[in-house]
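Please examine the sequence and the structure together before reading on. The explanation below is intended to be followed with both in view.

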Amino acid sequence: MSSRDIHVVVVGISTAGVKISKALAALGKADYPNLHITMVDKNAYYFHAIGAPLAIVNPAYGKSILFPLKDLLQSYETDPQTPKHKFIHASLASVDKTSVVLSNGETLSFDYLVLATGAANKTPANIFESSVEKAQAQLYKVYENIKSATNILIIGGGAVGVEMAGEIASAYPGKPITLVHSADRLLPLHFKRGISNGAVYKLEKLGVKVVLNEKIDIPKDTMFDCTVRKLSFRGSSGAVYESDLQILATGTQLHTEYMETLESKYGATLREPNGAIKVMSTLQLADDRFQNIFVPGDVNNQPAGAKYAFIAAEQGQLVADNLITMIKGGFDKDKPVFKVALKEWSGKLMESIVVPIGRSMGVAQIFGIAMGKSAFPDILVRNVKSKDYFRSHAATSFS
């Protein structure tokens with residue numbers, strides 16, 4: 001057992017951040033009584049975003065996928081009266097080599113830092129209220145608006161767009177829904193065409209109009225917040241799409257402005273043009289001067305095919321393992337002689353996917369085998385994902 005004073009800051013408490021925080025807290029409880037973990041997140045809750053397509057048509061389910069963060073590590077405290085770990089409800093303002101500054105003005109020193117700030121989707125794939133109560137209210141408002149809308153346009157045919165179209169069409173048969181996608185097939189392109197064909201077929205069975213090879217011209221000031229308001233968009237074909245509720249599901253946006261201080265101070269280029277943070281295969285920041293900073297999940301510059309919750313969880317586990325190796329090896333105590341090898345990320349892409357299409361259908365690709373139009377993936381998807389979109393699995397992290 002070591003009495004070393006060790007401070008770890010984890011920014012972003014989602015899929016990867018939760019796994020890392022809990023793994024380190026377990027290490028601290030077992031062997032490092034002076035290991036302190038400070039979790040930081042802009043929200044007071046974890047939003048199980050995988051379940052957003054079901055949450056927008058099922059308000060009871062929507063309430064169940066918001067998990068408060070403040071007590072996440074309580075069970076790992078050796079003395080609850082003098083807790084070692086804490087949660088701070090704030091966002092990240094800037095990063096330095098051994099400290100961060102938060103939006104509330106607080107400065108946190110660290111021996112190890114995890115940047116797991118993720119990427120932001122548009123509403124309703126992401127929720128922007130900071131408290132649990134306000135987030136619940138926002139989700140319920142989205143539900144009411146979708147229920148009352150008479151004509152819905154979904155822009156983007158990745159997994160999120162397809163799942164939302166399917167859930168809405170299943171919940172409200174006959175409601176006009178149009179799904180427009182810029183590519184010649186639905187779902188990520190590194191999956192086989194068969195699941196795209198199956199998705200189109202099954203969406204159309206539910207009454208969804210699917211338009212491929214059409215890029216929508218979106219004015220820059222357009223807000224996508226699931227309010228009911230009539231808008232018209234023109235597609236690259238010249239066609240006009242009118243709707244009174246619009247959902248943008250074309251991908252995520254990175255906000256990594258907090259890296260500017262570190263880059264400027266040390267003359268380093270640590271981000272890609274799109275804001276993604278550069279990492280080594282160990283998921284450490286891609287600069288040997290910052291070996292104590294790790295970047296798992298959507299915010300790093302791994303390929304787009306690695307941007308899934310399952311991959312984020314695996315990257316979180318790898319980072320947790322590497323941090324434990326560094327702590328046990330004494331990196332924070334004696335950096336010049338630290339020579340313990342760390343695990344490396346393979347860079348693999350997601351090989352399997354299950355995509356619900358409404359309450360009873362779906363498509364899947366499992367280990368390279370595409371399952372599209374047949375009834376077999378319907379059964380598979382219902383048993384694997386459709387029931388609760390992995391909500392019960394996520395809940396085990398907060399029990």
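This is a predicted model: local features need pLDDT of at least 70, side-chain atom pairs count only at pLDDT 80 or more; totals for chains, interfaces and linings use all residues.

Residues are numbered from 1 along each chain as its sequence is written, and side-chain values use heavy atoms, with hydrogens and water left out. Helices (H or I, at least four residues) and strands (E, at least two) are DSSP runs, numbered from the N terminus.

Helix α1 covers residues 15-31 and has 17 residues. From its first C-alpha to its last, α1 reaches 25 Å, close to the 24 Å expected at 1.5 Å a residue; the expected span is 1.5 Å times one less than the number of residues. Among the residues of α1 that are buried are Ala16, Val18, Ile20, Leu24 and Leu27. Buried here means under 20% relative accessible area, with exposed being over 50% and partly exposed in between (1.4 Å probe, protein chains only). The cover over the buried residues of α1 includes the strands β1 (6-11), β2 (35-41) and β9 (112-115), together with helix α8 (309-329). An α-helix has 3.6 residues a turn, so residues three or four places apart point the same way.

The next element is an open sheet of 4 strands, in the order β12-β11-β10-β16, with parallel pairing. Two strands pair if DSSP finds at least two bridges between them. Because β12 (209-211) and β16 (245-248) stand at the edges, each with a single partner strand, one side of each is left without a neighbour in the sheet. Neighbouring strands of this sheet are turned by 15 degrees against each other on average, direction ignored; the axes are lines fitted to C-alpha atoms, for helices over the stretch in contact, and angles run from 0 to 180 degrees between N-to-C directions. Within the sheet, β10 (residues 152-155) and β11 (residues 177-180) are joined in parallel by 4 bridges, and Ile154 has Leu179 of β11 as its bridge partner.

A further open sheet consists of 3 strands in the order β13-β14-β15, paired antiparallel. Its edges are β13 (216-217) and β15 (240-243), each with a single partner strand, so one side of each lacks a neighbour in the sheet. Between β13 and β14 there are 2 bridges, and Asp217 has Arg234 in β14 as its bridge partner. Arg234 also stands opposite Val240 in β15. Strand β14 (residues 231-235) pairs with β15 over 4 bridges, with Ser232 opposite Glu242. These two strands, β14 and β15, form a hairpin with 4 residues between them, and Gly238 in the turn has a positive phi of about 100 degrees.

Methods:
Contact means heavy atoms within 4.5 Å.
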